[in-house]
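The following paragraphs lead a new reader through one structure, element by element. Please keep the model in view while reading.

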Amino acid sequence: MDWGMKNRMSRVFKPETGRAVMLAVDHGYFLGPTSKLEVPRETIEPLIPYADSLMLTRGVLRTSVDPGANTNIVLRVSGGVSIVGPALENEGITTSMREAVRLNVCGVGLSVFIGTEYERQTLLSLAELVNQGEEYGIPVLAITAVGKELEKRDARYLSLCCRVCAELGAHYVKTYYCEDFEKVTRSCPVPVVIAGGPKLDTELDALKMVANAIEQGASGVDMGRNIWQSDHPVPMIRSIRAVVHEGYTPEDAYDLFRSLKEKGSKKAASV
Ligand code: R5P
């Protein structure tokens, strides 16, 4: 791997732990103003100090993130469809590699829709993006998307998806946590990070999912709704960091969550 590629990978996966806490705030690219992400700057700004990188579109980057903010960017470069259109899977590349270089990003990400009518189109987009990424030293994140079919998230399907992405040259892969997750990570020769999916009932549930994923070989998270749809997003991302980077158990991380939440409420009451 060339120096530039290695340098960018190490901005996402912290060399101290080899793991990543990526904050996903790209949902608007097909969902529009998602709940609690209606005003992106308000959601993103307090979380920046605790995220190793942000995953977002160029539109939200330019409008809602201070260029002086000390953060790393993984740019969402696929899209072209929306939740109210006929086929979420019919994505193409929306943003050029030249634009990614101009924005000084440390990675680009696109979704692939394996097993759908658009499998070939999205996989060839991945392959083409990898060709360009290799040329410019920019790592490519492949996202194994399931669209509206959340029930597809099992180890058999996701391990196939992750492996196909790695074979096409993706530098790392984002997928969903599932039962027998080790099957997914073991057969994928590049790092795997997990998306959180729709918000779980409790923060403890989300922390348990992250801890299980890490224990079963995940290299981190690229998570959104389970952080910023929490009523206490900063304590939540800090507790997730504790699991990913410091090996906290979910129970210890939940204690941390509760104490940070209480400190936050006391501080707010004293203002
Ligand atoms: C889909 O909208 C994006 O790829 C998200 O970045 C991904 O689903 C992670 O976000 P969440 O944890 O909310 O699922």
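This is a predicted model, in which local features need pLDDT of at least 70 and side-chain atom pairs count only at pLDDT 80 or more, while totals for chains, interfaces and linings use all residues. Residues are numbered from 1 along each chain as its sequence is written. Helices (H or I, at least four residues) and strands (E, at least two) are DSSP runs, numbered from the N terminus.

A residue is called buried if 20 or more other C-beta atoms lie within 10 Å of its own, exposed if 12 or fewer, and partly exposed in between, with C-beta atoms placed from the backbone. In a regular strand the side chains alternate between the two faces of the sheet. In strand 1, A20, M22 and A24 lie on one side and V21 and L23 on the other, and all of these are buried, so that both faces are covered.

Strand 1 has two neighbours to consider. Two strands pair if DSSP finds at least two bridges between them. With strand 10 (residues 220-223), strand 1 pairs in the parallel sense over four bridges, and L23 has M223 as its bridge partner there. Strand 2 (residues 53-56) also runs parallel to strand 1, to which three bridges join it; in this pairing, M55 stands opposite A24.

Strand 10 also contains V221. Why does V221 count as buried? The reason is that 31 other C-beta atoms lie within 10 Å of V221.

Attention may now turn to the ligand. Around the ligand there are 13 residues, of which A24, A195, G196, G224 and R225 come nearest; a residue is near a molecule or strand if its C-beta atom, placed from the backbone, lies within 6 Å of it. Strand 10 and helix 10 (225-228) are the elements that give two or more residues to this shell. By type, the shell divides into five nonpolar, five polar and three charged residues. Here Ala, Val, Leu, Ile, Met, Phe, Trp, Tyr, Cys and Pro count as nonpolar, Asp, Glu, Lys and Arg as charged, and the others, Gly among them, as polar.

The helices form the next topic. Helix 9 (residues 203-215) and helix 11 pack with their axes 9 Å apart, at an angle of about 25°, which means that helix 9 is roughly parallel to helix 11. Axes are lines fitted to C-alpha atoms, for helices over the stretch in contact, and angles run from 0 to 180 degrees between N-to-C directions. Angles under 35 degrees count as roughly parallel, over 145 as roughly antiparallel, 65 to 115 as roughly perpendicular and the rest as oblique. Helix 11 (residues 233-246) also packs with helix 12 (residues 250-270), at about 150° and with axes 9 Å apart; helix 11 is therefore roughly antiparallel to helix 12.

Finally, two loops deserve a look. N104, in the loop between helix 5 (97-102) and strand 6 (107-112), has a positive phi of about 55° although it is not a glycine. N104 counts as exposed because it has 10 C-beta neighbours inside 10 Å. D180, in the loop between strand 8 (172-176) and helix 8 (181-186), has a positive phi near 60° and is likewise a residue other than glycine. With 13 C-beta neighbours inside 10 Å, D180 counts as partly exposed.
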